[in-house]
Amino acid sequence: MTEQGVRRGAVRRGALALAVWWLWMPLLAVLVWLVKHAVFGGFGQQDQSYVLLIRQQFFPHGGVLDAAPLFWFWVAVGLCGTVGAIVHVADGSGAGLGGWRVRLALAVAVLAVAGSLVRAGTGLWDDDKDEGRFYAAATVLDVPAGGAGTPRSVLPVTEHTRPGDGGRCDLVGTADVPACVKTAPMPDFDFEARTASYAAATKALTDSAGLTSGTHLLGRSLHYLPDDSPGGGVWTAVLDGSGEQPMEGVAVWDGRSNSVATCVFRGDHAFGRAFAGSGAVSLRNLLAERFPALVYGDNDIQGYCDGADPRTARPVVVIAVSRQIGYRQRTVLEPAGVLVLRGSPDGRPDVTYRETVAPGELPGAVYPTSVVRSQIHEVQWLGGRGAKDDRGFGYAHTSAATNATNPGEFLLRSRADGHLYFVTPLVPRESSSQLVVAFAVVRADRAGGGLNDLHVYVRGDDAPSVNLDVLASRMVSYMAQQTAIAISAGQGGALQEIIPYGRDMWRGFVDFNGQTQDYIDLSGDATVTPNLVSLNGSITPPGAQPSPAPSPAPTAQPSPGPAGGCGGDPGQLTTAQLAACVAELSRALQGRVQGEPAPRP
């Protein structure tokens, strides 16, 4: 064989080896997609999750532009193989490494390897920071003016700022992560309190809902839906099916009674799918096939009964969804509206996608809770990497035992404007302190147009200190004084949950045997007389006889009563005052009856 033939053979073998070296991974990825897409058609979750994974790990923007670090590592490995192939072909063809063409090819390949590694390294270094940058653009730190000066919990940001536009931001951070600081205290939202705890709602709905075998409570779909009545609202949860059993409906509990109502998918409003269903009954596969770009978590699922009477109302399931989008060299989750699921005469789910939802169009939250969690978590980046790593800047959910199962994202309605908000008490990040130093507030009743602003209302250092463990201790002590009943606090105890409402007011729920029997209201600064309210008459501690329910202590702003109180002219009392007097007499009579000795035979 001639020298030219030897060279051509070496080049052909090198080119073939190089093609195999570069193409085996992309071809394998395409083969896996074909199997998931064609062979397992109908299992939409597999197809969706695989496509989203490839995009997340390699192509956040759908192409090579701003590809992810893993893609550039793959390129670097491929180029290293190319360098080896060039050397092998040069030796095998007899050309050696002295020719200018070989040297030029080697130089280009080595430089490309270095460039790929640099691109991958910078992408990895900025990967977590880029997520912080995305969510920081919709974050406002609201700092009170005056008092003892700038709160210490926000100093890592405010120490390095410049003047802002004076509108949305009075100050902007100088770090490479956008930070917006507004000099304003937390407004008086006057949030409405709830009448039952999350733990009690879980117990009531789990034990009393569902009449069909194979159904179960979709636990993370448990949501509180405030209504228009003062202090009113209901707890709802989706009654999901499993296996071949479709979804049953939506369970509703008012937080006061012992009964749970259910609106059921039936008749011309049937529903033949379930989130936990298998095969043709799988609702998750159906949604993934129809909406492959939309994702959600179980805590983004909620239901409600469309009608005044749950027994005849039609169940509706609402899913607050997100979309995975490319941002710099990574992907992030952005709110993308809601999916509204209803039944139909043939049992096929009637699914409507609404990219935008205005306040009041749907009950409950339409903004994803999972996104709210990400927004709160990424506040730590507002001062840059140094403030986050070296000074531990940021805020975290409380770890108080009373709120272990439900530390935040409380859905509350504001009396001031009628809107729904996610409200979360925050403590310092990377600290043993459980002092509430800020509140995270996000609008929950609107979706569309990107992220809703997260306002972090920072408490001043001279503000009355609030510690949920201390609040729990005060509540337990007050109840023991008023009822002579000793209760315990924390997960598994009687005092299950403490939530904020109003201005510096907190409500703790007292649960016995899994049901909220009482709640206690008190102020964080201890200036308001605690208010103990019994929801179901007498208070029964575990293993004891009922004791008379206490008369509610006066609140900070008691409503004016008639002259002479309950001893005055009944004709001059309002309906509410007359009902309160009747209840008071009933409790007094019950106390006397229970205090009398049993009659002898």
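What share of contacts in the protein between residues at least 6 apart in sequence join residues at least 24 apart? The share is 60%, where contact means heavy atoms within 4.5 Å.

This is a predicted model, in which local features need pLDDT of at least 70 and side-chain atom pairs count only at pLDDT 80 or more, whereas totals for chains, interfaces and linings use all residues. Residues are numbered from 1 along each chain as its sequence is written, and side-chain values use heavy atoms, with hydrogens and water left out.

**Figure 1. Overview of the protein.** The secondary structure comprises 11 helices and 25 strands; helices (H or I, at least four residues) and strands (E, at least two) are DSSP runs, numbered from the N terminus. Of the 601 residues, 46% are buried, that is, under 20% relative accessible area with a 1.4 Å probe and protein chains only (exposed is over 50%, partly exposed in between).

**Figure 2. The open sheet β22-β23-β24-β25.** Its 4 strands follow this order with antiparallel pairing; two strands pair if DSSP finds at least two bridges between them. Because β22 (495-501) and β25 (531-534) stand at the edges with a single partner strand each, one side of each is left without a neighbour in the sheet. On average, neighbouring strands of this sheet are turned by 20° against each other, direction ignored.

**Figure 3. Pairing from strand to strand.** Antiparallel pairing of β22 with β23 (residues 505-512) extends over 6 bridges, and E497 has F509 of β23 as its bridge partner. F509 is also the bridge partner of Y519 in β24, where β23 and β24 pair over 8 bridges. These two strands form a hairpin with 2 residues between them, and N513 in the turn has a positive phi of about 55°. Between β24 and β25 there are 4 bridges, with D521 partnered by N531 of β25.

**Figure 4. Helices lying across the sheet.** Helix α6 (residues 198-208) lies across β22, β23 and β24 (515-523), at about 120° to β22. Helix α10 (residues 468-483) lies across β22, β23, β24 and β25, at about 110° to β24. Axes are lines fitted to C-alpha atoms, for helices over the stretch in contact, and angles run from 0 to 180 degrees between N-to-C directions. Strand β24 is mostly covered, with 8 of its 9 residues buried.

**Figure 5. Nonpolar cores.** A nonpolar core is a set of buried Ala, Val, Leu, Ile, Met, Phe, Trp, Tyr and Cys residues joined through side-chain atoms within 4.5 Å. The largest has 38 residues, and I487, W506 and V510 have the most contacts inside it. Elements that give two or more residues to this core include β18 (410-413), β19 (420-428), β20 (438-443) and β22. Helix α10 provides the largest share, 7 residues. Another core, of 37 residues, lies apart from it and has L141, I325, V372 and L411 among its members.

**Figure 6. The second largest pocket.** This pocket holds about 590 Å³ of space. A pocket is an open set of points on a 1 Å grid over the protein atoms alone, with protein on both sides within 12 Å along at least five of seven lines; lining residues have an atom within 4 Å of a point. Grid points are joined across faces, edges and corners, and a volume is the space filled by probe spheres set on the points. Of the 33 lining residues, M186, F439, R459, A463 and R503 are the closest to the centre. Strands β21 (454-458), β22 and β23 each supply at least two residues of the lining.

**Figure 7. The largest cavity.** A cavity is a set of grid points where a 1.4 Å probe fits but cannot get out. A search of the whole structure finds 1 cavity of 30 Å³ or more, and the largest cavity contains about 40 Å³ of space. Residues including H223, N299, D300 and Y367 line it.
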